[in-house]
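Hi,

Here is the structure I said I would pass on.

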Amino acid sequence: MSCPSGILDANPGNGAGVGKMDTPKPNGWSPDSKVLPDALDDGEQQIIEAGEAKYHRLGWKRLTIMLIIEAIGLGALSIPSAFASLGMVAGVICCVGIGLIAIYTSWIIGKVKLAFPGVRHYGDAGGLLMGRVGNELFTFMLILQLVFLTGSNCLTGTIAWRHITDSNNVCSVVFSVVSAIILLLLSIPSSFADMAWLGYIDFVSIVAAIGITIISTGIQGTQSGLSKVDWSALPQGDPSFSDAFIAISNIVFAYTFASCLFSFMDEMHTPKDFTKSIWTLGILQIVIYTVTGATIYAFVGQEVESPALLSAGSLVSKVAFGIALPVIFISGAIGTIVAGRLIHGRIYENSVTRYVNTTKGWITWLTLITILTILAWVIAEAVPFFDDLLSITSALFTSGFSFYLPPVMWFFLLRKGEWYSRENLLLSLVNLFVFIFGLVVLVGGLYSSIQDIRNNYRTGNVHSPFTCGAV
């Protein structure tokens with residue numbers, strides 16, 4: 001498959017192997033074109049015009065909300081346990097430093113989208129870098145990551161329902177089916193603009209859950225005496241490389257919002273405003289993650305659990321889990337929608353069906369998201385070490401989407417002039433550092449995840465597929 005129609009032939013950079021791209025010439029019309037051919041009848045033209053309007057309604061504020069849905073979730077409450085492994089000083093440095101790197105790499109992705117407006121998702125960016133092979137490879141990686149993300153949220157929903165109901169009499173598979181159904185229902189809107197209003201609920205939900213956890217652990221710590229809490233500025237207990245890197249990975253993957261940025265920006269009516277969104281989200285993440293990690297670690301100490309709301313006491317943790325339910329399901333649904341839009345758009349690339357505003361469009365869309373949700377549910381239930389498998393896929397794919405691939409895109413797609421020229425030298429060094437950081441995350445994350453799988457099997461902490469017990 002050649003790169004999708006609408007990808008510009010522009011080549012602002014001087015990288016080897018990147019040049020003019022062959023775009024397909026479909027019979028009749030191009031889905032990215034604003035000029036409608038005379039061969040279309042009035043009804044088809046109206047469908048296309050309505051579809052283009054439907055999928056270009058995001059402003060920078062709504063884009064920020066969409067990125068919040070994707071980026072800020074219960075992963076924020078795993079950061080206090082990362083502080084427990086790294087110590088207060090290294091924890092704060094990692095939260096701030098990795099956050100700034102994430103802002104920078106997202107800026108590169110946005111610039112690529114502006115330079116090549118026809119790039120609709122990360123697969124198209126792979127096509128710019130590596131032709132057909134890159135398009136197919138990056139598309140496969142993105143879809144797999146999104147399906148696993150939905151599966152992860154389905155599993156998290158199961159854990160939340162079990163904890164809230166405190167029921168050992170109901171099979172966990174029942175809770176997982178309920179979670180999958182909720183994820184499917186929330187995936188019905190095909191436009192990100194239609195999902196944006198749920199983002200406000202999502203944001204209030206996670207902030208409330210974090211706030212309740214901080215207040216509750218703070219009260220407990222004060223009652224028992226804050227001076228007795230065993231938090232430390234430096235790592236305690238000589239943690240192994242695997243333990244330390246898992247802690248760093250928890251922080252790294254909490255900042256990975258870049259993989260869907262191309263898809264979200266494709267719906268913007270003014271794409272150049274994307275910088276406002278990534279700065280708003282990035283600063284918000286840095287503040288939330290640093291405050292959450294530092295305060296809860298200072299209140300609880302080395303015994304802090306992951307997610308941290310489990311350290312808030314039985315009753316309060318149930319309340320916090322209940323408040324966090326919208327986060328679990330809204331964030332999971334976004335993964336299904338992005339994957340669905342990508343697949344649906346490829347299948348019906350040269351048909352009005354792609355706009356999901358006809359009977360056929362809605363039937364095919366609902367069928368597709370149902371298949372994706374069922375697939376995510378089956379994977380989450382069937383794999384006995386799903387959390388570690390998710391860590392492996394995050395190390396393999398997310399490290400690239402968010403860290404080592406954006407510097408490559410800058411070098412081959414955005415750079416003007418030689419890398420060692422005066423105007424490029426500083427950025428070249430920055431991109432080299434980010435590229436190496438991404439590779440370290442890739443290698444270290446894979447090693448740590450595989451070690452964790454081995455340890456879990458050795459200690460018997462692996463549940464059976466489709467278990468009725470705790471997951």
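Let me start with Arg120, which is buried at a relative accessible area of 11% (buried means under 20%, exposed over 50%, partly exposed in between, with a 1.4 Å probe and protein chains only). Before going on, a word on the basis: this is a predicted model, where local features need pLDDT of at least 70, side-chain atom pairs count only at pLDDT 80 or more, and totals for chains, interfaces and linings use all residues. Residues are numbered from 1 along each chain as its sequence is written, and side-chain values use heavy atoms, leaving out hydrogens and water.

Back to Arg120: its salt bridge partner is Glu349, with the closest N and O atoms 3.4 Å apart (a salt bridge is a side-chain nitrogen of Lys or Arg within 4 Å of a carboxyl oxygen of Asp or Glu). The two sit 229 residues apart, Glu349 in the loop between α11 (314–347) and α12 (359–382), and Arg120 in the loop between α4 (88–115) and α5. Helices here are DSSP runs (H or I, at least four residues), as are strands (E, at least two), numbered from the N terminus. Glu349 is buried too, at 12% relative accessibility.

The structure holds seven salt bridges. Another one pairs Arg346 with Glu136, with the closest N and O atoms at 3.1 Å. Arg346 is in helix α11 and Glu136 in helix α5, so this pair ties together parts 210 residues apart in sequence. Arg346 is partly exposed at 25%, and Glu136 is partly exposed at 30%.

Asp166 and Lys318 make a salt bridge as well, their closest N and O atoms being 3.4 Å apart. Asp166 lies in the loop between α5 and α6 and Lys318 in helix α11, so parts 152 residues apart in sequence are tied together. Asp166 counts as exposed at 53% relative accessibility, while Lys318 is partly exposed at 22%.

How many disulfides does the whole structure have? A search finds one (a pair of cysteine sulfur atoms within 2.5 Å). It joins Cys171 to Cys468, S to S 2.0 Å. Cys171 is in the loop between α5 (122–165) and α6 (172–186) and Cys468 in the segment after α14, so the pair ties together parts 297 residues apart in sequence. Cys171 is buried at 18%, whereas Cys468 is partly exposed at 45%.

Cys154 is buried at 3% relative accessibility, and its sulfur is 13 Å from the closest cysteine sulfur, in Cys171, too far for a bond.

Cheers
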